[in-house]
Amino acid sequence: MITDRQSTILKAIVQQYIETGQPIGSKTLMDRLPIRVSSATIRNDMAALEDEGLIEKIHLSSGRVPSASGYRYYLDHLLEPINVSEQTSEVIHSDFTKQQFNEIDEIVAQSAKILSTLTRYTAIALGPESDNTKLTGFRIVPLSMSQVMAIIVTSDGSVYNKVYRLDSSTSLDRLESVVKIINDQLVGHTLNEVSELLKTDFPQMVAQYLQTPEGFLSIFDDILDKVAEDRFFVDGKSNLFNYVDAHNSDNLKNLYSLFDDNTNLARLLSLKQLEPIDSNDDQGIKVHLGVELAPQLLNDYSLITAKYSVGIHGDGLIALLGPTNMPYSQVIGLITSLRYELAKRLSDYFRELNGDSS
């Protein structure tokens, strides 16, 4: 347990190091502290903070820098987010409203672009996922005598398609009959319900039209798998290179490849550990220091994750990966503002999709 004065000194050390990237001595701290304290007292308190493992020396005669434990203490107990300026707030609003979005993914991708542009770090965005998403339409479009394109539309406005090759026993007329049954029986059900129906009653229902219904209905399996996939949008990937040893080509390569695999990103963002957003939780923002992350090559980085909610349309996530000494107060204030604007834009999108333009 550290004293209130030691907390004040630790906070000043972290903030000074974030601003300058240089070790801090007791004389420099005297001018930064909001309280009048002698240089000798500061030295004693710095020694106590060092004993607690919250600050450390880079070399024997240097000033002190925050340790990983010091950053953690600062983030958990001392951090005070700073609200964005009116000018930045207007930039966020303008970047969301100056263009017409045709689907959810475009809005989510724009949020990553805005966050990356404003911070010059690497931004990641994940759209809202909801168990309430429903099948709203199914069509087939003949491409040739032996090929059709199956098109599935969901209640969030997303459209998925897949080309299917007809076998010699399947005519377009028979296929149209199956399409009608699908629209009569499956449209309006959630995608989870559709998946269950396709495994149980449905193959028998269409067996009179198709010799091998499982073959055609596998279209749904492929598309439902695609719907269930996490769709990440990453912007500012090259910004990572500003904070890595450029001479270490392996690190550069591994960092870059981290974003080429959705499994890696899901693991990095700990998506399986995400809990539903609590309506009483006005933060939902977490900072993960590099030493707390995997893989080890992220030791010099920090990851900030922020959940957002679009009500019945699901919860999503935005994240920012930057150096450990990023200005957390400003960045968290920015993310707070951005996630609010993102949720608002998505809510507007769903309202317009449902014919409510008010």
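Two strands pair if DSSP finds at least two bridges between them, and strands (E, at least two residues) and helices (H or I, at least four residues) are DSSP runs numbered from the N terminus. This is a predicted model, in which local features need pLDDT of at least 70, side-chain atom pairs count only at pLDDT 80 or more, and totals for chains, interfaces and linings use all residues. Residues are numbered from 1 along each chain as its sequence is written, and side-chain values use heavy atoms, with hydrogens and water left out.

**Exercise 1.** Determine the order of the strands in the open sheet, and find its edges.

*Solution.* Begin with the order, which is E7-E3-E10-E9-E8 for the 5 strands, with antiparallel pairing. Next, look for strands that pair on one side only, which are E7 (232-235) and E8 (285-289). Finally, follow E8 to its partner E9 (residues 301-309), with which E8 forms 5 bridges in the antiparallel sense; here Lys-286 stands opposite Thr-305 in E9.

**Exercise 2.** Describe how helices H5 and H6 are arranged.

*Solution.* First take the axes, lines fitted to C-alpha atoms over the stretch in contact, with angles from 0 to 180 degrees between N-to-C directions. Those of H5 (residues 86-97) and H6 (residues 104-119) come within 10 Å and cross at roughly 150°. The two helices are therefore roughly antiparallel to each other, a term for angles over 145 degrees. Then list the residues in contact (heavy atoms within 4.5 Å): among them are Val-91 and Phe-96 of H5, and Ile-107 and Leu-118 of H6.

How values were computed. Parallel < 35°, antiparallel > 145°, perpendicular 65-115°, else oblique.
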